[in-house]
Amino acid sequence: MTQGLDATPLNSFEEIRSEWLDLLEECPVNTFYLMPQWQEIWWEAFRDSREMAGFYLKQSDGVAAIASLARQGDEMSFVGNTETFDYNDFMIRPGIEGDFFSALMGWLGQEDIRALELPSLIENSPTLEFLPGVARQQGYSVEVIEEDVTPGLELPDNWDQYLAGLTKKNRHELRRKLRRLEGVEGWRWYCVQDPETIDARLDDFLALMRQSDPEKDAYMTSEREAFFRRIARRTSELDMLRLFFLEMDGQDVATSLCFDYNGTRFLYNSGYNPEYGYYSVGLLLNALCLREAIEQGKAYFDFLRGPEPYKYHLGGLNRTIYRMVVSKP
């Protein structure tokens with residue numbers, strides 16, 4: 001398919017799992033959404049009538065690129081969707097981007113694909129840089145649109161530096177809210193992370209999540225809840241998941257679920273009891289999760305998809321994610 005590289009259809013998430021994980025460590029778009037474990041659980045939950053349609057390229061020293069793709073009719077897309085993946089992409093060893101995207105276009109022609117839809121591409125994605133030119137050279141049309149934002153921030157060495165980096169208003173408000181919380185007798189926050197405890201506490205997390213926002217309640221359908229429970233179990237077994245609770249008056253009033261991966265803490269979802277809104281318990285638990293990430297030496301805190309105001313109150317800066325559609329004219 002391309003000179004010097006051996007292309008092989010990707011028929012399962014098991015066949016090259018160890019090489020897949022090794023390749024991820026080399027990729028500039030390395031996130032937990034691209035792990036074979038995450039994609040396999042998604043596939044089992046949401047594949048519907050899709051067929052696996054990806055491929056991988058090998059060099060003499062192992063797998064050099066992976067296109068994890070699904071086919072439905074004459075259309076292809078990434079494995080995953082925007083409801084369960086904040087980021088998605090191809091996995092490509094730096095230096096072979098040109099060869100990979102030429103191979104991809106050859107693959108589309110071979111499979112007689114009319115359209116390739118690629119959502120959730122982060123702004124520094126090699127796909128955004130390389131694919132449009134390669135595709136247009138071969139007569140395809142390419143559309144790239146802004147899909148959403150994923151606020152986040154580079155973490156400093158300590159909490160004082162973090163506070164100093166906030167705007168004056170946000171710094172004042174955060175300090176004021178923390179003082180008010182610290183004045184409450186008996187409050188505490190804590191983390192659970194071992195698989196058995198996670199299993200036991202997911203109902204508490206889901207109840208607070210649903211209670212905090214009607215949109216979150218509507219989002220968590222029975223199908224998505226089943227997927228979420230499987231993901232929680234698997235990622236806790238991999239020691240990635242961190243489930244936080246804030247307790248007041250002897251009861252949990254806020255919760256935050258994070259993933260620690262590749263030097264980043266990702267805030268995946270959260271919830272709180274609106275009866276304790278006066279104390280800003282949701283925002284403050286997220287702030288405490290961020291403070292702990294600083295103390296643990298994490299490099300980045302990612303609030304993930306969506307422009308919710310609290311993300312900016314805690315210092316988040318936007319990164320844009322894009323959707324690309326490559327199609328035959």
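Let's start with one pair of residues. In strand 13, phenylalanine 259 is the bridge partner of leucine 241. A word on terms: helices (H or I, at least four residues) and strands (E, at least two) are DSSP runs, numbered from the N terminus. Two strands pair if DSSP finds at least two bridges between them.

Before going on, the ground rules. This is a predicted model, where local features need pLDDT of at least 70 and side-chain atom pairs count only at pLDDT 80 or more, while totals for chains, interfaces and linings use all residues. Residues are numbered from 1 along each chain as its sequence is written, and side-chain values use heavy atoms, with hydrogens and water left out.

Back to our pair. Strand 12 (residues 241–248) and strand 13 (residues 251–261) are antiparallel, with eight bridges. They sit in an open sheet of six strands, in the order 10-15-14-13-12-11, and the pairing is mixed. Which strands stand at the edges? Strand 10 (152–154) and strand 11 (188–192) do; each has a single partner strand, so one side of each has no neighbour in the sheet. On average, neighbouring strands here are turned by 20° against each other, direction ignored. Axes are lines fitted to C-alpha atoms, for helices over the stretch in contact, and angles run from 0 to 180 degrees between N-to-C directions.

Walk through the pairs. Strand 5 (residues 69–72) and strand 6 (residues 75–78) run antiparallel, joined by four bridges. Arginine 71 stands opposite methionine 76.

Strand 6 and strand 8 are parallel, over three bridges. There, serine 77 faces glutamate 117. On strand 16, glutamate 117 stands opposite valine 325. Strand 8 (residues 115–122) and strand 16 (residues 320–327) run antiparallel, with six bridges.

Is phenylalanine 90 buried or exposed? Phenylalanine 90 is buried, because its relative accessible area is 2%. Buried means under 20%, exposed over 50%, partly exposed in between (1.4 Å probe, protein chains only). Phenylalanine 90 lies in the loop between strand 6 and strand 7 (91–92). Leaving aside neighbours within four places in sequence, its contacts (heavy atoms within 4.5 Å) include Val29, Phe78, Phe100, Phe101, Leu104 and Leu118.

Some of those names belong to helix 3. The buried residues of helix 3 include Phe100, Phe101 and Leu104. Helix 3 (residues 97–110) has 14 residues and reaches 20 Å from first C-alpha to last, close to the expected 20 Å. That expected span is 1.5 Å times one less than the number of residues. After helix 3 comes aspartate 112, with a positive phi near 55°.

Finally, the whole chain. The protein chain has eleven helices and 16 strands. Buried residues make up 54% of its 329 residues. Its C-alpha trace spans about 70 × 40 × 40 Å along the principal axes. Of the contacts with a separation of 6 or more, 74% join residues 24 or more positions apart.
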